[in-house]
Amino acid sequence: MILLTGAKGFIGSRLLSRLCESGHKVKLVTRTTCECEFSGVEIVHADLTNPDTDFDLLLSGCDVVFNCAGEIHDEKLMRSLHVDATERLVAAASRLASEERPIHFVQLSSVGAYGPARGVARVVNEQTSENPQGVYEETKTIGDSRVAKNRSNAFFSYTILRPSNVFGQSMTNNSLRQLGRIVKKGLFFYIGSAKKDSVATYIHVDDVVSALMLCGFDRKAKGEIFNLSNDCALSDLIDGMADAQQVSHPKWSLPEAPLRLIVSIANRFLYLPVTQARIDALVARTSYPSTKLRDTLGFIPEREVPIAIGELFTQKPVV
């Protein structure tokens, strides 16, 4: 039996489909009313942030836990879900794990644990020092530490997966679609040497789900932290958006320093689509190679970002 949290989310819902298609029985935890189209799914109504929840009962009969629950909007709820609830889940799993029923815990996290992407070229791997910035990133990283800290029960094991920016047609974050609309209107421009040097750090949701499955069921994944990204040149991502919308590839570039000054002054009086944070993203040269995931589990992403990005601009959902 599999315990799955966050099954109604962007990644969790796709993982639920994959688990059911693979013949696994799933116990789905949700706070709200939920209907499931798959057979073999047990729906349990429980609030993971409530300390009175019976976590031992939730985990009863389960061999693998996929903790995909995450709060991306309300910062006030992040610590209770990412840290406290994770601690309780892990503690219950450690208590219940036995020789007859070992329990493996898979934690879905984020490369945000290593800090924001930077304009200076930087290669981030699993040995890079953690430096989370922002409430979401900080609480997810603390939650990871609760999973990985030493436990007295040898029959409890864990894997932590840290993907970069996850995309797919059913995503609710519209930042990539907004960028695509700018490209379609011919208003996109590169900043400084971004066309030549900048890196787009994205991974398709289907590849994240495939990696999660390996983390859950491949014995070689136990006790490991894996980064996951399918990096490409920013220019390839932008050209992929242009091709999907049948428009010309952007070619213009503006110098970075004067643009930052103009944006800093103008945004005091006007709302502009260009912000300092967006400039940071467009000049970022940080990469997240998935070398360890490849070498340990043989995993290589299948969905090339410049091609797969086109599904964000189609009318019908991709199944």
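Student: Is Glu224 buried, partly exposed or exposed?

Tutor: Buried means under 20% relative accessible area, exposed over 50%, and partly exposed lies in between (1.4 Å probe, protein chains only). Glu224 has 24% relative accessibility, so Glu224 counts as partly exposed. This is a predicted model: local features need pLDDT of at least 70, side-chain atom pairs count only at pLDDT 80 or more, and totals for chains, interfaces and linings use all residues. Residues are numbered from 1 along each chain as its sequence is written, and side-chain values use heavy atoms, with hydrogens and water left out.

Student: Which residue forms a salt bridge with Glu224?

Tutor: Side chains of opposite charge can pair when their charged atoms come close. The rule here asks for a side-chain nitrogen of Lys or Arg within 4 Å of a carboxyl oxygen of Asp or Glu. Glu224 pairs with Lys292, and their closest N and O atoms are 2.8 Å apart. Glu224 is in strand β12 and Lys292 in helix α11, 68 residues apart. Helices (H or I, at least four residues) and strands (E, at least two) are DSSP runs, numbered from the N terminus.

Student: How many salt bridges does the rule give?

Tutor: The count comes to 14. One of them joins Arg162 to Glu130, with 2.8 Å between the closest N and O atoms. Arg162 is buried at 2% relative accessible area, whereas Glu130 is partly exposed at 45%.

Student: What does the salt bridge of Arg260 and Asp280 tie together?

Tutor: Their side chains meet at 2.7 Å, N to O. Arg260 lies in helix α9 and Asp280 in helix α10, so the pair ties together parts 20 residues apart in sequence.
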